[in-house]
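Me: I would like to go through this structure with you, taking helix packing, the core and the backbone in turn. Could we proceed by question and answer?

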Amino acid sequence: MSVKTFSLGAAKEVTGSKHIFEVNGRYYMIDCGAFQGKRKESDQKNRQFDFDMEKLEAVILTHGHLDHCGLLPILTKKGYTGNIYSTPATRDIANLVMMDSARIQAHDAEFLAKQAAKKGEKFTWKPLYDENDCVATANQIVSLSYNRKMYISPDVQLEFFDAGHILGSAFANVTINPNPREPEKETRILFTGDIGRKCKPIIRNPATNMPAPDYIYLESTYGDKLHDNHDFAMKELERIVRDTCAKKGKIIIPSFAIERAQELVFYLHLLTDKKKIPVVPIYVDSPMASNATSVFRVHPECYDESVNEAFLKHHKNPFGFNSLTFTTSVEDSKELNKKEGPMIIISADGMCEAGRVLYHLANGISNPKNTVMIVGYMAEDTLGRRIFDGQKEVKILGDLYKVEAKIERCNGFSAHADYSEMIEWLKEIDTSRLKKIFLIHGEPEQQEGFKEHLAEAGFNNVEIVEFEKEYEL
């Protein structure tokens with residue numbers, strides 16, 4: 001049986017995950033994500049995405065982040081009518097993310113058209129897709145719960161295992177030519193999507209009980225880095241809040257609306273309950289984060305048991321408490337910039353490339369009383385990366401601002417496993433059949449470092465996936 005794979009994104013880069021495996025001339029896509037980073041370059045890459053929809057048998061979605069689901073509506077728009085398989089929680093998260101992306105694109109088109117009209121220029125930019133495309137895509141999503149096997153074609157079987165990354169995230173375990181009588185003739189590929197970390201709040205640890213794979217498509221976002229441990233991260237969060245509150249400043253936290261925002265609320269709730277931080281107003285200024293929190297509430301099947309025990313049995317809402325306000329209207333968001341600190345503002349976009357966080361940064365980044373707290377991955381060429389790298393002056397919404405606020409980097413809240421955690425996970429799963437590891441979803445220097453760490457751990461047959469290159473399995 002002929003099995004080939006190739007990647008159309010997240011090959012020697014972090015975003016735009018699109019991985020294909022081919023079985024006897026039929027194609028299956030793992031994730032269909034948008035490229036993120038420098039706006040013009042990302043938009044160009046996303047528009048160049050093309051694939052023969054008639055050859056596409058099925059799509060498998062590992063989780064609902066934009067760089068994994070953001071171009072699904074393009075498939076539908078270009079004529080794909082087949083199934084998109086995901087977990088129930090991923091279905092709901094992806095619907096939110098895709099609709100949010102469509103609305104942002106529509107807003108951008110309106111803004112750019114006005115700018116062009118002022119200059120007397122012709123305006124030609126159009127959104128990649130609209131809300132109707134997202135609705136059509138949502139109708140193609142077929143839910144498959146964790147640890148349930150499903151034939152997605154006569155010779156391909158799919159099973160999801162919890163990846164512990166965000167709500168509903170999954171390892172996609174694909175078995176090709178499954179025959180219970182001849183398991184030695186099967187080809188098993190494990191696509192990790194993004195791997196989470198042990199001991200994160202809310203969701204469970206990454207699963208280790210999947211069947212032994214022959215091949216692993218392994219993420220490598222933090223392939224050459226180690227995160228701060230959880231206890232240190234909590235102490236850092238406590239220190240940052242206390243120090244900034246003492247100055248009556250604002251803590252601005254650019255955050256992804258899904259998972260990270262809910263985790264931060266969870267952590268702040270714990271610290272407030274334990275009286276380790278003062279009672280201070282906390283604003284989640286993101287309509288999408290508010291909607292995502294509602295999705296969290298209806299998917300307790302994804303929760304870690306300790307969350308069920310500590311919160312669901314004792315509190316009606318693990319994601320809300322008296323100090324917390326979810327800000328949805330534009331007017332309320334603007335009011336936050338007029339208010340004096342101390343306060344904490346958690347706002348999207350996580351990489352500071354769009355959304356309300358830009359206005360909070362423009363308003364607060366030049367005030368030495370304030371703190372900008374970086375808690376997640378920042379892709380190359382993003383505003384978040386420039387702030388993270390310590391630039392003294394940054395351009396926000398077209399204007400230059402001096403960076404006078406204190407910049408705090410706290411990587412203990414990352415939703416991605418670091419290289420040590422990924423190697424620990426590899427050693428815990430059954431690798432008795434493992435022939436090769438393919439590295440995806442990482443910048444080249446991270447991947448080269450990860451390859452060395454893997455070799456030191458005894459995993460020698462490792463290949464860094466190249467864009468569009470075919471691999472015969």
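Predicted model: local features only at pLDDT ≥ 70, side-chain atom pairs only at ≥ 80, totals over all residues.

Me: How are α4 and α8 oriented to each other, roughly parallel or roughly antiparallel?
Reply: Helix α4, residues 88-119, packs with helix α8, residues 287-297, at an angle of about 165°, and their axes lie 10 Å apart. Angles over 145 degrees count as roughly antiparallel. The two helices α4 and α8 are therefore roughly antiparallel.

Me: Which residues of α8 meet α4?
Reply: α4 passes α8 in a right-handed crossing. On the α4 side the residues are Asp 92, Ile 93, Leu 96, Val 97 and Asp 100, and those that they meet in α8 are Met 288, Asn 291, Ala 292 and Val 295.

Me: Which element gives the largest share of the largest nonpolar core?
Reply: The largest nonpolar core has 99 residues, and those with the most contacts inside it are Phe 21, Phe 51, Leu 75 and Ile 346. The largest share of this core is 8 residues, and it comes from α4.

Me: Which phenylalanine is among the residues in contact with Phe 21, leaving aside neighbours within four places in sequence?
Reply: Phe 21 is one of the residues with the most contacts inside the largest nonpolar core. With neighbours within four places in sequence left aside, its contacts include Lys 4, Arg 26, Tyr 27, Ile 60, Val 174 and Ile 176, and the phenylalanine among them is Phe 191.

Me: How many residues in the contact of α13 with α14 are nonpolar?
Reply: α13 passes α14 in a right-handed crossing. Tyr 419, Met 422, Ile 423 and Leu 426 of α13 make the contact with Phe 450, His 453 and Leu 454 of α14. Of the residues in this contact none is charged and 1 is polar, and the nonpolar count is 6.

Me: Where is the proline found that a cis peptide bond joins to Gly 341?
Reply: The cis peptide bond joins Gly 341 and Pro 342, with omega at about 5°. Pro 342 is found in the loop between α10 (330-338) and β15 (343-347).

Me: Is Asp 31 buried or exposed?
Reply: Asp 31 lies in the loop between β3 (26-30) and α1 (39-48), and although this residue is not a glycine, its phi is positive at about 70°. Its relative accessible area is 2%, and since buried means under 20%, Asp 31 is buried.

Me: Is Lys 248 buried or exposed?
Reply: Lys 248, in the loop between α6 (230-246) and β12 (250-254), has a positive phi near 60° in a residue other than glycine. With a relative accessible area of 53%, Lys 248 is exposed.

Methods: Residues numbered from 1 in each chain as written. Heavy atoms only, no water. Axes fitted to C-alpha atoms, helices over the stretch in contact; angles between N-to-C directions. Helix = DSSP H or I, 4+ residues; strand = E, 2+ residues; numbered from the N terminus. Parallel < 35°, antiparallel > 145°, perpendicular 65-115°, else oblique. Left-handed = near helix turned anticlockwise from the far one by under 90°. Contact = heavy atoms within 4.5 Å. Core = buried A, V, L, I, M, F, W, Y, C linked by side-chain atoms within 4.5 Å. Buried < 20%, exposed > 50% of the residue type's maximum accessible area, 1.4 Å probe, protein only. Nonpolar A, V, L, I, M, F, W, Y, C, P; charged D, E, K, R; others polar.
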